[in-house]
Amino acid sequence: MSINRVVLSGNLTRDPEVRTTQSGMPVMSLGIAVNDRRKNSQTGEWEDYANFIDCTMFGTRAQNVANYLAKGQRVMIEGKLRYSQWERDGQKRSKIEVIIDDLDFSGGNRGGNSQGGGFGGGQSSYGGAAAYSAPSTPVVDTNSSVYDEDIPF
């Protein structure tokens with residue numbers, strides 16, 4: 001069994017771009033910068049190194065969430081890695097990108113509202129255009145009837 005899950009927290013490197021496929025599906029592309037901290041062996045000082053990661057989100061929620069994102073904004077992303085290869089001008093090219101399953105506004109949105117939700121909270125950040133204040137802790141349904149024999153592992 002393989003696991004392909006990625007969780008990132010960083011800042012947008014550019015405004016999101018939304019395109020539409022020939023079949024009419026919206027596709028949002030964005031870049032995120034995630035810092036890595038390393039100790040410089042020569043100076044002994046800690047230094048930040050940025051990793052720039054391309055991310056893509058599909059569907060109508062991608063089109064909706066793009067309206068609330070801007071360059072520099074802090075976001076949390078959950079998704080999976082996808083490797084792509086193609087040839088352009090006789091040269092083989094490849095890249096690894098994150099296909100976004102869930103996106104949360106960690107900082108404020110374009111309207112200046114800094115009510116970012118907790119990642120994995122009860123309400124998804126991209127669900128509707130009005131409410132973006134998900135609880136910081138998951139909502140637990142105490143009335144659920146989950147028994148050990150119902151769990152598939």
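Where is serine 84 placed? Some friendly notes on this predicted model follow.

1. Let me start with that residue. Serine 84 belongs to strand β5, which covers residues 74-88. Its relative accessibility is 18%, so serine 84 counts as buried; the cut-off for that label is under 20%.

2. The neighbours of serine 84 are worth a look in your viewer. Leaving aside residues up to four places away in sequence, serine 84 touches Arg93, Ser94, Lys95 and Glu97.

3. Now to another serine. Serine 29 sits in strand β3, residues 26-39. Is serine 29 buried or exposed? With a relative accessibility of 10%, serine 29 counts as buried.

4. Which residues does serine 29 touch, again not counting those up to four places away in sequence? The list has Arg14, Pro16, Glu17 and Arg19, together with Cys55 and Thr56. Two of these partners deserve a further word. For proline 16, the C-alpha to C-alpha distance to serine 29 is 5.7 Å, while 13 residues separate the two in sequence. For arginine 19, the side chain makes a polar contact of 3.0 Å with the side chain of serine 29.

5. Finally, a note on the rings. If you were planning to describe pairs of aromatic rings, the count is 0.

Methods. Residues are numbered from 1 along each chain as its sequence is written. This is a predicted model: local features need pLDDT of at least 70, side-chain atom pairs count only at pLDDT 80 or more; totals for chains, interfaces and linings use all residues. Side-chain values use heavy atoms; hydrogens and water are left out. Helices (H or I, at least four residues) and strands (E, at least two) are DSSP runs, numbered from the N terminus. Buried means under 20% relative accessible area, exposed over 50%, partly exposed in between (1.4 Å probe, protein chains only). Contact means heavy atoms within 4.5 Å. A polar contact is a pair of N or O atoms within 3.5 Å; within protein, one must be able to donate a hydrogen and the other to accept it, and residues adjacent in sequence count only if both atoms are side-chain atoms. Rings of Phe, Tyr and Trp (its six-membered ring) pair if their centres lie within 6.5 Å; planes under 30 degrees apart count as stacked, over 60 as edge-to-face and the rest as tilted.
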